[in-house]
Amino acid sequence: LLMPFLFVALMSFPHWMSKINDTETHDIIVLDYTGSYKNLFTDTSQYRFYYRMTGDPADNAEKVYAYIIISENLRQNPQAIAIYSEKQISQNFKEYIQVKLDIPEIRFGEDGTKSRSSAEISSVIGIASTFIIYMFLLLYGVQVMQSVTQEKSNRIVEVMISSVKPFELMMGKITAIGLAGLTQFAIWLILSVIILFSTTSQLSIGAATDNIESLNQMQSYPFAELLIWFTLFFSGGYMLYASLFAAIGSAVDNEADTQQFMTPITIIILFALYAGIYSAQNPEGPLAFWCSMIPFTSPIVMMVRIPFGIPLWEIIVSFLILGISALCSIWISGRIYRIGILMYGKKTSYTEIIKWIKYKG
């Protein structure tokens, strides 16, 4: 319950601290020799713009925070703009100018409709979704493994399987922990929305004006569709990895012996995370495409690509492959679980696990 508050605090505190010592209003002169960009820059609580068509940056430079020089038409020559200043300009001012000069990004829908988009916002949404799935897969997968190992080590499982089949016991544990994960995510989502709305309502008018373009672009994103695909890919990825973690927990006598089996899975999940981060730079590239099709990496990588508006058939094919792979993983893990859960006193090897899978009955 406290995690969304912690995330907002971690994001807001540095921004709040950066504003403490920057309450002065800075004067900026815009020298536009083309006469075409008079209404481009608007005053804010921090910056006050003065538009001119003639002049020299050296005039009264000590009284001016910065000069913005536009020498040619920026559509024909995007490099025909420069910022002159006596002191080093702040990163906030540089970002503000870059946003004002940003070329509008228009996304065409399959039905011909148009909507504003932003590669930066798509990247943020995609990477955030990727990181959340990565964290939940690892966190709740390990929780399944630890639960199975603890029940085996204290021999409670021997009593439990007298009333229920091993496969049903494994699936009940995986399903229960998975639903707990989705419930926790839903709570985080609701609290995050409430916190963001309450925070936004308290912003000053100037700050709200500065961010209105970003807010308009975010409103164009189909968040309901993203939430549906997030739930589906999280569920498929969780069932795939949780069943493997359950098999590992049943194959060992204590948690110390799980490392040899956990290492390959952990490496794959970490690779998927890094592949997802790099895929945000080129969501149509071969790395992004193939990693979004391979079931062990697709739950993480695909969530980076979806905000960029990739073809629907790629998403559907990826999910079908993931679903079939999850079912196969559950079947294999069930055969390991039914044997391993009652095996004690012998250090398990990969060869032994393969024999358990082949056992009939």
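Me: Before we look at anything, what is a nonpolar core?

Reply: A nonpolar core is a set of buried Ala, Val, Leu, Ile, Met, Phe, Trp, Tyr and Cys residues joined through side-chain atoms within 4.5 Å. Buried means under 20% relative accessible area, exposed means over 50%, and partly exposed lies in between (1.4 Å probe, protein chains only). This is a predicted model, where local features need pLDDT of at least 70 and side-chain atom pairs count only at pLDDT 80 or more, while totals for chains, interfaces and linings use all residues. Residues are numbered from 1 along each chain as its sequence is written, and side-chain values use heavy atoms, leaving out hydrogens and water.

Me: Which residues touch the most other members of the largest nonpolar core?

Reply: As a general idea, nonpolar side chains in soluble globular proteins tend to be buried together. Here the largest core has 53 residues, and Val144, Phe233, Tyr238, Phe245 and Ile306 touch the most other members. Helix α8 gives the most to this core, with 14 residues. Helices are DSSP runs of H or I with at least four residues, strands are runs of E with at least two, and both are numbered from the N terminus.

Me: What is Phe245 in contact with, beyond its neighbours within four places in sequence?

Reply: Contact means heavy atoms within 4.5 Å. Phe245 reaches Leu137, Gly141, Val142, Met145, Met262 and Ile265. A second, separate core of 15 residues includes Phe49, Leu74, Phe93 and Tyr96.

Me: How many salt bridges does the structure hold?

Reply: Side chains of opposite charge can pair when their charged atoms come close. A salt bridge is a side-chain nitrogen of Lys or Arg within 4 Å of a carboxyl oxygen of Asp or Glu. The structure holds four. In one of them, Lys173 pairs with Glu151, with the closest N and O atoms 2.7 Å apart. Lys173 lies in helix α5 and Glu151 in helix α3, so the pair ties together parts that are 22 residues apart in sequence.

Me: Are Lys173 and Glu151 buried or exposed?

Reply: Both are buried. By contrast, Asp27 and Arg48 also meet in a salt bridge (2.9 Å, N to O), yet Asp27 counts as partly exposed at 23% relative accessibility, and Arg48 counts as partly exposed at 33%.

Me: Which residues do salt bridges that share partners join into one network?

Reply: Glu284, Arg305 and Glu314 are joined that way. The side chains of Glu314 and Arg305 meet at 2.8 Å, N to O. Glu314 is buried, with a relative accessible area of 6%, and Arg305 is buried, at 0%.
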